[in-house]
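Look over the sequence and the model before reading on.

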Amino acid sequence: MTIQLKVPSIACGGCADTITKAIKAQESEADVQVDVEQKIVTVETKASEESIKQAIVAAGHTVNN
């Protein structure tokens, strides 16, 4: 399943790395793409959307619906 989330707190590549690591810690098989300019995180995963959102929030970022 592909999940696409707007994460307005992404400011740089470092933010993208932090988010990617947080999601992969939750589900190591996830394919994570972070578009820093558009502030969009796209995740190909078996995990629920809610668990992906929680991983991003736990990493210190905000998620918009």
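Among contacts in the chain between residues at least 6 apart in sequence, what share joins residues at least 24 apart? The share is 62%, where contact means heavy atoms within 4.5 Å.

The model is predicted: local features need pLDDT of at least 70, side-chain atom pairs count only at pLDDT 80 or more, and totals for chains, interfaces and linings use all residues. Residues are numbered from 1 along each chain as its sequence is written, and side-chain values use heavy atoms, without hydrogens and water.

The chain has two helices and three strands. Their order along the sequence is β-α-β-β-α. Helices (H or I, at least four residues) and strands (E, at least two) are DSSP runs, numbered from the N terminus.

Two strands pair if DSSP finds at least two bridges between them. Strands β2 and β3 run antiparallel and are joined by five bridges. Valine 32 has valine 43 in β3 as its bridge partner. The two strands, β2 and β3, form a hairpin with four residues between them. Lysine 39, in the turn, has a positive phi of about 60°.

| Element | Residues |
|---|---|
| β2 | residues 31–35 |
| β3 | residues 40–44 |
| α2 | residues 49–58 |

Serine 48 lies in the loop between β3 and α2. Its relative accessible area is 38%, so serine 48 is partly exposed (buried is under 20%, exposed over 50%, partly exposed in between; 1.4 Å probe, protein chains only). Leaving aside neighbours within four places in sequence, serine 48 contacts Met1 and Ile3.

Buried residues make up 35% of the 65 residues in the chain.
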